[in-house]
Protein chains: 2
Amino acid sequence: MSADGGPADEPVRASATAAVTLSEVAARAGVSVSAVSKVLRGNAAIRVSPDTRQRILTAAEELRYRPNFAARALQAARTQVLGLVVPDLTNALFTELMHGVEDEAAAHGYTVLLGRLDTDRPQTEVIARLLGEGRVDGLVLQATDGVDPAALAQLLDPRAAVVLINSVAPGRASSVTVDDVGGGRTATEHLVELGHTRIALAGGLPTSYTAQRRRRGHQQAMRAAGLDPRADHETALGYTADQGRQALRALMQLDPRPTGIVVANVNAAVGLLAEAHALGIDVPGDLSVVTVLDSWTAENTWPPLTAVRMQFYAMGRTAVTSVIRRIGDATMTDEVILDPAPVLVVRGSTASLSP
Amino acid sequence: MSADGGPADEPVRASATAAVTLSEVAARAGVSVSAVSKVLRGNAAIRVSPDTRQRILTAAEELRYRPNFAARALQAARTQVLGLVVPDLTNALFTELMHGVEDEAAAHGYTVLLGRLDTDRPQTEVIARLLGEGRVDGLVLQATDGVDPAALAQLLDPRAAVVLINSVAPGRASSVTVDDVGGGRTATEHLVELGHTRIALAGGLPTSYTAQRRRRGHQQAMRAAGLDPRADHETALGYTADQGRQALRALMQLDPRPTGIVVANVNAAVGLLAEAHALGIDVPGDLSVVTVLDSWTAENTWPPLTAVRMQFYAMGRTAVTSVIRRIGDATMTDEVILDPAPVLVVRGSTASLSP
DNA sequence: CTGAAAGCGCTAACAG
DNA sequence: CTGTTAGCGCTTTCAG
């Protein structure tokens, strides 16, 4: 209803068919296209008379000029857009990652284009489409869990500006990962400190780099506590609630039963907890559950899940810094976010072992 | 490791700096660029000698030619990409929507670009950036809940190919919505059938079109059952778990307390349920909870949430059909997905009223 | 059947 | 300070 005359309140001129071009602005301002181009790009180093500049600015404003993306991209041979591609965008844990990526991208004048990885389509197709067709200048890619990174690496052109997150491909692509070893260790140490000795691991797929490293951290903590990480106390399942349920059922076959479980990711932990209720197992009375990765869902289970919060925001920022560097030169790097360390968030799903 | 020689197994050539162009292919095939263009676009109607065609095809293959997106977009004045913009991509309930959008878009040869709406940035900026700069040909947009649709409508150029989902802007943009009235009604009817009479509504914001209509459905069902939809039995909160918790606390002040609650969305319902546990309220013993909207999280609470599944997949498909039509001609439409009706999924959070 | 040439909207030399 | 021009990679008349 407000109409204070400011341009922000006017309808957005957006129809592609009626797009106003530089030359229209030039015509109205009575100057050449190049003058308009210079002024509108805001290049500070250019010399234009204040008068011309003003005429151009008002003409552009009146006409609602917007630069054409394709034309700019064609001429510059770059788009100023970065792709962020993950297997499942609606996974709550990506919230932080996306924010990290977007914040850092914005800070460098890049836009981010989100993509989803179709499980049934080859991963390379996305890469080829985005990078190969020049839709993006660089790619932050989380490969689908269960895809062998070595195999993926084979398919990557080493010249492509790709940075893998949560996975590595030495010599093929840059990578940024969170401290999965530390995360697995922190989770397990928490249970150890609570007095648990029969600690199980509801781990991820063995093909997953992330899962392997969380497992390593778990085992480190076990050994450090003089405990034996027994193979039958480990499951290897995927990242869904349903697979968390399966993991619990398998683990509960054990005799004696474990009193504590480290779950390799939140979604599985949520399912595992629901299954515990279904089986009449009291958490944390009979069983303590701690999960690696945190998200809003973990706060809203019953009991709320104790979790190890991983630094996804930082990973997102670092990944963007890394691709942008890659676009400039050919340097390939492998980074691990160690600095903000994983942090244990104690909620209600873990308790001291009561004998 | 496999190396069967097929091109699919070769590294993806993707570096923008080393992109191979049409003229390089032409040179290698010993023909003109225009010939290559014709053949590679696969236009069936063109006449080229089988021999030339073959030479072109092999040259393109050997060089790993990929058409440049920007060049095509510039020349065609369209990108063949559609934008899907929602407030929060990681909201699990968008899974179905995205699939619907992607499936339908793919069927028409469009790619979809996902976007997130920053709460702190004006919604029009996204529209201007995507549509105005010609990054996309059309937009499927879910406005942030709480943004007044009328206000948004003012800001929309009626010529822009925008279709709103879960909201309307008559005369300004096309729209597609799910059957919110039916959803609210179905949820409430379920509680009525279980014998509840003191039924509360943990509704959404009054500015939300969707929330308004779910509320209307709720009230219809109440009146049809001879019940009085009392104002103090309704809350109006947003779409987060935390706001669901607040709603429950407010509702539990009532004396007598309601025995059933219809929650306007899943995330709030998950929070509300967690809060019920925290307050020592037995669900469904003391209180039945049913939510409009379903997602994997609803199956993994304790007890699992009874939910009304809305047709988000269909809405996604329809929305895409709608934008694409809008790109061609100027027809503006408002559609409601009535055909697959909302479906009640009974799980454990609702039970007959036990006196 | 095939090629030369113009032009999409923009930027960046290079002249005036 | 300002304008002219070439050309990014592609498609598309229009001649040959």
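I started at the DNA, where a base nitrogen of DNA strand D is 3.5 Å from a polar backbone atom of A71(B). That is a polar contact as I count it: a pair of N or O atoms within 3.5 Å, where within protein one atom must be able to donate a hydrogen and the other to accept it, and residues adjacent in sequence count only if both atoms are side-chain atoms.

A note on the ground rules. This is a predicted model, in which local features need pLDDT of at least 70 and side-chain atom pairs count only at pLDDT 80 or more, while totals for chains, interfaces and linings use all residues. Residues are numbered from 1 along each chain as its sequence is written, chains are lettered from A and ligands numbered from 1 in the order in which they are written, and side-chain values use heavy atoms, with hydrogens and water left out.

**Strand D**

I looked up two further contacts. The side chain of Q75(A) has an N or O atom 3.4 Å from a base nitrogen of DNA strand D. S37(B) places a polar side-chain atom 2.9 Å from a phosphate oxygen of DNA strand D. Helices here are DSSP runs of H or I with at least four residues, strands are runs of E with at least two, and both are numbered from the N terminus. Helix 4 of chain B gives the largest share, 3 residues.

Which residues come nearest to DNA strand D? They are S49(A), T52(A), L22(B), Y65(B) and R72(B), out of 22 around it. I call a residue near when one of its heavy atoms lies within 4 Å.

**Strand C**

I then turned to DNA strand C, which has 23 residues around it, the closest being L22(A), Y65(A), R72(A), K38(B) and T52(B). Sugar and phosphate make up 71% of its atoms within 4 Å of the protein. A backbone N or O atom of L22(A) sits 2.5 Å from a phosphate oxygen of DNA strand C. The side chain of Y65(A) also brings an N or O atom to 2.5 Å from a phosphate oxygen, and for the side chain of R72(A) the distance is 2.7 Å.

**Chain B against chain A**

How many residues does each chain give to the contact? I found 60 from chain B and 60 from chain A, contact being heavy atoms within 4.5 Å. The buried area is about 5400 Å², with 60% from carbon and sulfur atoms; this is the accessible area (1.4 Å probe) that two parts lose on being put together, summed over both.

I counted 4 salt bridges between the chains, each a side-chain nitrogen of Lys or Arg within 4 Å of a carboxyl oxygen of Asp or Glu. One of them joins E102(A) and R116(B), with the closest N and O atoms 2.4 Å apart. Helix 11 (266–278) of chain B gives the most to that chain's side of the contact, 6 residues.

**Symmetry**

Chain B superposes on chain A by a rotation of 180° with 0.1 Å of shift along the axis, at RMSD 0.2 Å.

Definitions and conventions. Least-squares fit on C-alpha atoms with pLDDT ≥ 70 in both.
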